[in-house]
Amino acid sequence: MIEAVGLTKRYGAKTAVYNLSFQVRPGTVTGFLGPNGSGKSTTMRMILGLDAPTTGQVTIGGYPYRKLPNAPRQVGALLDAKAVHGGRHARNHLLCLAQLSGIPARRVDEVLGVVGLQDVAKKRSKGFSLGMGQRLGIAAALLGDPQVLLFDEPVNGLDPEGILWVRNLMKALAAEGRTVFVSSHLMSEMALTAEHLIVIGRGQLLADMSVRDFISANSADFARVRTPDSEPQHREKLTAALTEAGGQVMPEQDGALRVTGLPLPRISDLAHGADVRLWELSPHQASLEEAYMRMTQGAVDYRSTIDQRAGLQEQLPPGAVPQGQMPVAGQGQPGWYAPPPPQQGGQPFAMPQPQMPQPPQDPAGTPNPYAGAPQPPAAPVPAAAPAPAPDLTKGATDNEDAAR
Amino acid sequence: MITLDGLTKRYGEKVAVNDLTFAVRPGVVTGFLGPNGAGKSTTMRMILGLDNPSGGAVRIEGKHYSQLKDPLRRVGALLDAKAMHGGRSAFNHLLCLAQSNGIPRARVSEVLDTVGLTAVAKKKAKGFSLGMGQRLGIAGALLGDPEILMFDEPVNGLDPEGIHWIRNLMKSLAAEGRTVFVSSHLMSEMALTADHLVVIGQGRLLADTSMSDFIRQNSRSYVRLRSPQRERLLDVLHEAGVGAVEARDGALEVDGTPPERLGELAASRQVVLHELSPQQASLEEAFMRLTAESVEYHAHSDRPGGAVPAGEPPAWGEGWQRRKGA
Amino acid sequence: MAAAQVLRSEWTKIRSVSSTVWTLGLAGVVTIALGMLISILSRNDYDSLNAKDRLTFDPTYISFAGMSLGQLAMIVFGVLVVSNEYSTGMIRTSLAAVPQRGTLLFGKVFVATLLALAVGLATSFVTFFAGQAVLGPYRAGLGDPGVLRAVIGGGLYMTLIAMFSMGVAAMLRSPMLSLGILMPFFFLISSILGGVSATKKIGRFLPDQAGSRIMQVKTPFDDDTPYGPWGGLAIMVAWVVLALLGGYALLKKRDA
């Protein structure tokens, strides 16, 4: 169990982490999310006693890390795969660590076997690929058979097999009753691994809840409905019926309809009432990524804009698609990130306590489905309007990696 | 269009790339997949003329890379975010690339703006985080507004906003009719980005198909049915000779029958359906199955390393070592 | 056209890294400062010289004494210009932009050479005038026979040293390896070979010994060097051409 209470870290005038309070409980994989520069690494470093908090405290099993009796056997961490002396053999690297904390040498060979590095145990880690370095780092984290594990971007550089392995390893460690705390930028990966989420932005807590709750709180579930391809008038008819019943309907790329605001049985009944046969009626949940994007808009340091290609206009290839077509839900359109919805104003994270920003949709009584419908994140902004870049001036100083 | 014709690369005894023949077509995002050491990077380097093939050839619109005039205007590539001089500012890095291909100076500021690095344009690249370096590399690829783009692990080090951005960038580039070739280890990411897949293993071509075909061929897909009239639905299915399996949550799962047919069937027999959803395995599962099979085939060794049940991870790298021993 | 683009690009590359400024700056400062120091010492020493030594007293060559150390900075410049591309991984980006490897290499060498020549000539003239000013009554004038040749030759010598280093770095790729070979080569091996009479005959065909001949205005009495100032420079040019061709051949063949 990791517990942070009022954790704050200032570097001079800059506040990296502000008044963070959360608990990471044993038995589940807890994901730790946030944009670049949000204070994730700083928090991880404070948990491990590498940085001292300015105020507040963070404890592991009730003790600050530096006061933990035999810390390496209670806490294992993978922070940076490159934090290894490159000239040392993989096995010797682990042996050093093991001897420091009184772990038998036998355990070293054990963990090398677990991560699949036994064949290269005698090679210098200098020659390791990023993926091999990552395996070595995981081996080091597992060395003391600890109850609490921290992983920072564990799948970096791994191939698909390694990614699958790490994911299953983390789940298995949690299932054994251990505390597993993982940070990652890969939402799709996190959705498969974590059960619980802690989200921070600008050093403050944005959310501390289960993945499922997080997704439903920050996005809308929807249904995908498909009518027979041969009868387009049925599609029109169904769209009308669904809209009349208060649903919001958007076309998808392949001709299906994305329906929000109506439960599946109701859609089924409405289709039946309109005498429309259905070829598909499937429930969908928005992705973790969509939910995350909605929540953290505005807390991003480097925002990309549309490629204007001013100097190279004549180079536009023949197949260029004109901008400004009808918005299509989902994919295939230049999905530059839409500006934050007006409801959220300019400061979605002003409050220190985790208060969920309002999901920007208005569930009922909105007549125009395009105006009131939850904007899917891929909705195109008007052509040639660069997304706002709220913080470009802060630049590299705001980036946690670059700051060091 | 990138055309590979019997492309082969040997390093001494070791064959890194073995007789690869495929084409990367414009208008779609083509994913390039394979386990570590499969030869992906070597192939990409040969496309760019950085490595010389031992056999076969790779052509870009029918020409060798070295025959292209101002190649950055034809092909943009992100191979390695660190392929730049750390002491040079982001702006100057792009400027020297632009000048070597006669690209106007104004374009440099433009691509910096596109990738969101304008504020740090004058900063030295060595102070950049991995994600910022990646953005600078992407800016370099976009510089000449090329019809062909190659990205090797583009989301490495990017934060979620960056990942989302690069994914949509690649899709919109493809939608404009460009050729987009992207390698990645992140199956879940690839599933969202690519339309077409090229899969290699041990330097050999394993698959060259559309994403949906790939998943269909390499995994189980089925249809989930839910109905308030469950018994009646079972009868109807039985009469029509369609086998259904009960899922744990009370839904029915039907293999091998398209959802269209099930929808028609239910409509004609007046069965109310509350769910009719086609289910597909993930790209990851399909990929694991395909590469595990190829591994097995070559090594004649124990069990397939396919989709592993959670809770009991196999020793990491079992398949990896199998391959090495093969 | 394409070549002009490459030259412009290489100029941007070379001016946008700080190592250019400090290596070339160091080459100039060290050469000038050490030259002045040795000139002061020589002037104070002049009275203790015997008649024979006074006859061969070469004020021009003495003012160039700092070059033995200053050339090391020139070597670092030449090595870094080329090997930085490899050590940073920039070479892959560069070769993707300019797949004609010869054009890339020689464009780079050309730009770096021009810069080295400018710095070399400036250094050479400044160190000459500074040295002569310090030498006071024993100084030589630019109009004296052979002196102008020696001063211009000093600039050419520094330039050729940098070019030779570029060729070697293009062959070896690693900056550490290149410097590890070139530094002792010019600083130790050359003078050791020159110091022992048995190997002296070989030693004087090394690039630095042959090339530095052009800076001498008066030759020692027992001198039996089989080449003159321009002949020596030609030997050095041959070394440079060899190194660059070697670098080109390897770059052409190698995987990047």
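The model is predicted. In chain B, six strands make up an open sheet with mixed pairing. Chain A is assigned a domain 1 and a domain 2, and 24 residues of chain C take part in the contact with chain B.

**Sheet of chain B**
- The strand order in chain B is β5-β6-β7-β3-β8-β9.
- At the edges lie β5 (75–78) and β9 (204–210) of chain B, each of which pairs on one side only.
- On average, neighbouring strands of this sheet are turned by 15° against each other, direction ignored.
- Four bridges link β5(B) to β6 (residues 148–152) of chain B, and the two strands run in the parallel sense.
- Within this pair, Met150(B) of β6(B) is the residue opposite Ala77(B).

**Helices on the sheet**
- Helix α1 (residues 40–47) of chain B packs on the sheet and touches β3 (29–33), β6, β7 (179–183) and β8 (196–201) of chain B.
- The direction of this α1 makes about 150° with that of β6(B).
- Helix α7 (residues 211–218) of chain B lies across β8 and β9 of chain B, at about 115° to β9(B).

**Domains of chain A**
- Domain 1 of chain A spans 2–216 and domain 2 spans 222–284.
- The centres of these two domains of chain A, taken over C-alpha atoms, are 45 Å apart.

**Contact between chains C and B**
- Chain B contributes 29 residues and chain C contributes 24 residues.
- On the side of chain C, the elements giving two or more residues are α1 (2–15), α2 (18–45), α5 (67–88) and α6 (90–97) of chain C.
- The residues on that side of chain C comprise nine nonpolar, 11 polar and four charged.

Conventions: Residues numbered from 1 in each chain as written. Chains lettered and ligands numbered in written order. Predicted model: local features only at pLDDT ≥ 70, side-chain atom pairs only at ≥ 80, totals over all residues. Pairing = 2+ DSSP bridges. Axes fitted to C-alpha atoms, helices over the stretch in contact; angles between N-to-C directions. Contact = placed C-beta atoms within 7 Å. Domains from an automatic or database assignment. Nonpolar A, V, L, I, M, F, W, Y, C, P; charged D, E, K, R; others polar.
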